[in-house]
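Dear colleague,

I am handing over the structure below, and my notes on it follow. Please read them with the model open beside you.

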Amino acid sequence: MHDLDGRVTGADDVVIGFVGGGSRDWAEKLMHALALTEAFAGEVRLYDLDYESAATNAALGRKVQAQDEAVGDWTYEAVETLEAALDGADFVVCSTQDPPAETFAHDLDVPQEYGIYQTVGDTVGPGGTFRALRSIPQYREIAAAVREQCPDAWVFNFTNPMTVCTRTLYEEYPDINAVGVCHEVYHVQDWLTDLAERHLGVEGATYDEVDVTVKGINHFTWIDEARLRGTDLFEAVDAELAARDPPEYEPGDPEVADQSVFATNHEVTFDLYRRYGILPAAGDRHLAEFVPWYLDPVEAPEDIHRWGIRLTPSEYRVESWPEAEREREALLSGDEPIDVAAPNEEMVDLMAALLGGEAVKSNVNVPNRGQIPDLREGCVVETNVLFTEDSVTPLTAGPLPDQVRSLVETHVTNQETLIEAGFAGDLDLAFRAFRNEPLVTLDPAEIEALFADLVEAEREYLDAYDIAGADVLS
């Protein structure tokens, strides 16, 4: 419960174990969020295979805490083992990434040699499949460590492929308390406030005022109800659709070419809404990878511009690491104070609710226990849930339209197949999911060749699999 000042009673010694504690992104966001909360306090233990990076983040965390704006009371320590990070932890945060030059670049570049273009490459398609194969053994290890070191802890996963990583945690340790946290729906809620202002005259709204019913799987979520201050927001969505029909962009459009790779202009969103009558709730660059018709006809990177999005080049993935490293070093070495700013992120609010603070409704990824009744039991789905003291309760989202469900079910089947393959170390079974990916639109011999090329390029990260015994590679 809360004291009168908003503090969660008795929550002064909370332990957060951060797996992937050398993170160049989520670790700093967590530091800022914790520095600005007085709801609870404690220590953060940072574990990473790259210990020096975790140690750098520990120093950064201490510097954030030293800023005038920091009202929280937190200590930061880098630890050398997973067990030390999780020993008695109340919360576990997972944010991991294999070196992109050795993995992510191959996920994008090798399929492109076969004419398969991916806008992100971290959730589905060839890139998402291989990222899943690399992640499953790692997340089995994390789940096993939670079972031994902190079996009652709440685990927050931020790593993609979100669905597969979260599903792996539950497959390894069925009694785990884990949620997968993604921010795509938050961005859609924020966009809906813009539409409400533009078409309905609703001013000054924030994303957390938008109440939506979310259903689907991560990065392929859908909304069939959206309200803001009692107003049905689909009135604004329909008005925007009418205003931008036909689509605005052309292949090679310079306006799109000059935008950030993360920009989304909602052309894919509106095309899907126009066809299915239910609103997608993720960025266009993610949505485009789940169905074949946006990326399959692409012959060159600029062709995708007609949908108002860009490909994420492998060079960006590779170069972002050293750039983030330089930015972090500059924060640590500079004399200028750090601007401690609240991230657009609910993790600390969710933690406070679990500790007994104010209840929070939010969308997260958890196993399906009937909240989406027309998807298989136990698969990880993304819906609204209610966070209360030591409890996460999925809220009923209802069924998907039949045509949308059939699109979603293909990916659910692939994800479940990858989990089975990952636990068995079976690349032949993994290949069944690979060739079932909608983006893999090649003839059978080319599909096998592409799969073999990706295995060879990332062999050192696939040592949990029986490469020598895989028929598909022979």
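In these notes, contact means heavy atoms within 4.5 Å, and helices (H or I, at least four residues) and strands (E, at least two) are DSSP runs, numbered from the N terminus. This is a predicted model, in which local features need pLDDT of at least 70 and side-chain atom pairs count only at pLDDT 80 or more, while totals for chains, interfaces and linings use all residues. Residues are numbered from 1 along each chain as its sequence is written, and side-chain values use heavy atoms, with hydrogens and water left out.

I begin with a helix pair. Phe234, Val237, Asp238, Glu240 and Leu241 of α8 meet Phe270, Tyr273 and Arg274 of α10, and the residues of this contact divide into 5 nonpolar, no polar and 3 charged (Ala, Val, Leu, Ile, Met, Phe, Trp, Tyr, Cys and Pro count as nonpolar, Asp, Glu, Lys and Arg as charged, and the others, Gly among them, as polar). Helix α8 (residues 234–243) and helix α10 (residues 267–276) pack at an angle of about 105°, with their axes 11 Å apart, the axes being lines fitted to C-alpha atoms over the stretch in contact, with angles running from 0 to 180 degrees between N-to-C directions.

Within α12, Ser314, Arg317, Ala324 and Arg328 are buried (buried means under 20% relative accessible area, exposed over 50%, partly exposed in between, with a 1.4 Å probe and protein chains only), and the buried residues of α12 pack against α2 (51–65), α4 (104–113) and α11 (284–287).

Ile447 lies in helix α16 (residues 444–457) and, at 4% relative accessibility, counts as buried. Leaving aside neighbours within four places in sequence, Ile447 is in contact with Phe431, Phe434, Arg435, Val440 and Leu442.

Some backbone details in the loops also deserve a look. His219, in the loop between β7 (211–217) and β8 (220–228), has a positive phi of about 70° although it is not a glycine, and counts as buried at 2% relative accessibility. Asp390, in the loop between β12 (380–388) and β13 (391–394), likewise has a positive phi, near 50°, but counts as exposed at 52% relative accessibility. Finally, the peptide bond from Asn160 to Pro161 is cis, with omega near 0°.
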